[in-house]
Amino acid sequence: MFERFTKDARAVVTGAVEHAERDEAPAVGPEHLLLALLDREGGRASFALASLGGGAWLDSVRRALGEARRRGGLSQAETDALAGLGIDVTEIVARVEEAHGVGALAGDRRGRGGWSGHRPFSKDAKDVLTRSLRVALARRDRYIGDEHLLLALTSRPGVPAEALADHGVTHESVTRVLYGGPESKAG
């Protein structure tokens, strides 16, 4: 599948690995793919994000991803659902961090020997890559570009899609910017 990736899409995957290494995460996740997409300039995905007002809210998305990581990867929707059951995730995070240090739920290993070696892709990140292929095939594209990665991220539930949707970036809005009309979700 990677032979179909454009230079921009390969740079996003490489950037995601770098973000995972910086976070000292045990695996590359969808949030790392989104962070790498947000870093890129000049690709179709950056064009779509900029067209949807990206300059004004990119830092907010980065903060939302960091907050979700601190919550152990829970999205705001999951946090709200747990609150409905009487579980205060903010309180749990505070208590865990009080006992084990800031970033304990995030798997932050700084100061404890770190993590070295190959970073595998999480099941969810692999799903994003597979969906990007499906999006490209559905569009009859012979390549997988960074725009397909963005569409794949926005087509599946999770922290990246939620963080983007909070700023009006949905599968439908990205499709409209890139292709001029609605498209059914691939995957």
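What percentage of the 187 residues in the protein chain is made up of buried residues? In this predicted model, buried residues account for 43% of the chain.

**Figure 1. Overall architecture of the protein chain.** The secondary structure consists of 10 helices and zero strands, giving the pattern α-α-α-α-α-α-α-α-α-α along the sequence. Among contacts with a separation of 6 or more, 67% join residues 24 or more positions apart. The chain exposes about 9,700 Å², of which carbon and sulfur atoms supply 52%.

Figure 2. Asp8 belongs to helix α1, which comprises residues 7–23. Leaving aside residues up to four places away in sequence, Asp8 touches Arg40, Gly43 and Asp146. With Arg40, the side chain of Asp8 forms a side-chain to side-chain polar contact of 2.7 Å.

**Figure 3. The largest pocket and its lining.** This pocket holds about 480 Å³ of space. Its lining comprises 24 residues, and those nearest the centre are Gly29, Pro30, Glu31, Gly72 and Gly73. Helices α2 (30–39), α4 (54–70) and α9 (159–165) each contribute at least two lining residues. Classified by residue type, the lining contains 12 nonpolar, seven polar and five charged residues.

Note on methods. Residues are numbered from 1 along each chain as its sequence is written. This is a predicted model: local features need pLDDT of at least 70, side-chain atom pairs count only at pLDDT 80 or more; totals for chains, interfaces and linings use all residues. Side-chain values use heavy atoms; hydrogens and water are left out. Helices (H or I, at least four residues) and strands (E, at least two) are DSSP runs, numbered from the N terminus. Contact means heavy atoms within 4.5 Å. A polar contact is a pair of N or O atoms within 3.5 Å; within protein, one must be able to donate a hydrogen and the other to accept it, and residues adjacent in sequence count only if both atoms are side-chain atoms. On a 1 Å grid over the protein atoms alone, a cavity is a set of points where a 1.4 Å probe fits but cannot get out, and a pocket is an open set with protein on both sides within 12 Å along at least five of seven lines; lining residues have an atom within 4 Å of a point. Grid points are joined across faces, edges and corners, and a volume is the space filled by probe spheres set on the points. Ala, Val, Leu, Ile, Met, Phe, Trp, Tyr, Cys and Pro count as nonpolar, Asp, Glu, Lys and Arg as charged, and the others, Gly among them, as polar. Buried means under 20% relative accessible area, exposed over 50%, partly exposed in between (1.4 Å probe, protein chains only). Accessible areas come from the Shrake-Rupley method with a 1.4 Å probe; for residues, only the protein chains shown count as cover.
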